[in-house]
Amino acid sequence: MDNGQVCCGNATINSLERSCCQDRVPYNSSSEICCMDGIYNKAGYGCCKSKVFLKSTHECCGGTKIITKSDYGCCNGKAYRPKRYICCGTKLADRNLNSCCNGRMFNKRKFQCCNKEIHSLFGNIGCCKSTSSETVFDSQSQLCCSGKLMARTGNAACCGAKPMDMRRQVCCSGNVQSRGLTSRTRCCEGQSYDPWIQICCIRRDGLFFVRLRAMGCMDGNIRAGNQPNSYGPPEW
């Protein structure tokens, strides 16, 4: 026939606009698929070795096997269980022992991936990770606090994204506080206090520190230290 007109079963179709399924049923190949002798919506369904499947829950692995997405993955045409194995590039390996770094497999008990490169886990090599970058650093001379690198000095440690001196300071909910002259320092709502001489009394309208021998705290209220049900000094 002229002008792209062809026979499809008992109908005549324009082959430039429509296709023919199994030489019998006309269909629109831009929005539909022909699988065996059925016509299905292309957005929701796929065809795998002449078998139809639902795309939202299944996929075709290797062009031959339909697998359930919730239980299986497909690696280089092979079905596998992601809970037990990892697919890196085209290779499968035990997930408990291995990981993947920019398409390369590595033993995660001996190596680490940082900035798409594989580095040893031993020695002084560390990886400083932020939400947008990864940087390899020397953990002996540098400190990584919440993705920020800084020089390591003395007894330096991290308090959130801030450095602190562990001998002189304490970290309270991300706030660097002074230890004072004692090693007994504790935290109370982001503030430091000495539990031997103070008590942490929290009220809706603020934070109070009171002398233990003079006063206590009951249900957020300041009370005399010898009053029933008030909280006295902790037992050490």
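This report walks through the strands, disulfides, salt bridges and aromatic pair of a predicted model.

## The chain overall

What does the chain use for secondary structure, helices or strands? Strands: there are 32 of them, and zero helices. Of the 236 residues in the protein chain, 23% are buried. The accessible surface is about 15,700 Å², with carbon and sulfur atoms making up 46% of it.

Take the contacts with a separation of 6 or more: residues 24 or more positions apart account for 1% of them.

## A hairpin to look at

Strands β9 (residues 58-61) and β10 (residues 65-68) run antiparallel and are joined by four bridges. Cys60 has Ile66 in β10 as its bridge partner. The two strands form a hairpin with three residues between them, and Gly62 in that turn has a positive phi of about 70 degrees.

## Disulfides

How many disulfides does the model have? The count comes to 14. Three of them are worth a visit, starting with Cys21 and Cys34, whose sulfurs sit 1.9 Å apart. These two cysteines are 13 residues apart, Cys21 in strand β3 (residues 19-21) and Cys34 in strand β5 (residues 32-35). The link is right-handed, with 65 degrees about the S-S bond. Cys21 is buried at 1% relative accessibility, while Cys34 is partly exposed at 22%.

Next up is Cys75 with Cys87, at 2.1 Å from S to S. This link is right-handed too, with 75 degrees about the S-S bond.

Right-handed or left-handed? Left-handed, with -85 degrees about the S-S bond. Cys145 sits in strand β21 (residues 142-145) and Cys158 in strand β23 (residues 156-159), 13 residues apart. Cys145 has a relative accessible area of 0% and is buried; Cys158 is partly exposed at 31%. As for Cys7, it is in no disulfide, and the nearest cysteine sulfur, that of Cys8, is 8.9 Å away. Cys7 counts as exposed, at 56% relative accessibility.

## Salt bridges

The model has three salt bridges. Glu117 pairs with Arg104, the closest N and O atoms being 3.5 Å apart.

Arg184 and Asp194 meet at 2.9 Å, N to O. Both sit in loops: Arg184 between β26 (175-178) and β27 (186-188), Asp194 between β28 (191-193) and β29 (198-203), 10 residues apart. Arg184 is partly exposed at 30%, whereas Asp194 is buried at 10%. Asp165 and Arg167 form a salt bridge as well, with 3.5 Å between the closest N and O atoms. Asp165 is buried at 18%, but Arg167 is exposed at 53%.

## The aromatic pair

Search the whole structure and you get one aromatic pair. Tyr40 and Tyr45 make it up, with their ring centres 5.7 Å apart and 45 degrees between the planes, a tilted arrangement. Tyr40 is partly exposed at 28% relative accessibility, and Tyr45 is partly exposed at 33%.

Technical notes:
Residues numbered from 1 in each chain as written. Predicted model: local features only at pLDDT ≥ 70, side-chain atom pairs only at ≥ 80, totals over all residues. Heavy atoms only, no water. Pairing = 2+ DSSP bridges. Phe/Tyr/Trp six-rings, centres within 6.5 Å; stacked < 30°, edge-to-face > 60°. Buried < 20%, exposed > 50% of the residue type's maximum accessible area, 1.4 Å probe, protein only. Contact = heavy atoms within 4.5 Å. Areas by Shrake-Rupley, 256 points an atom, 1.4 Å probe, with all protein chains shown as cover. Salt bridge = Lys/Arg side-chain N within 4 Å of Asp/Glu carboxyl O. Disulfide = S-S within 2.5 Å.
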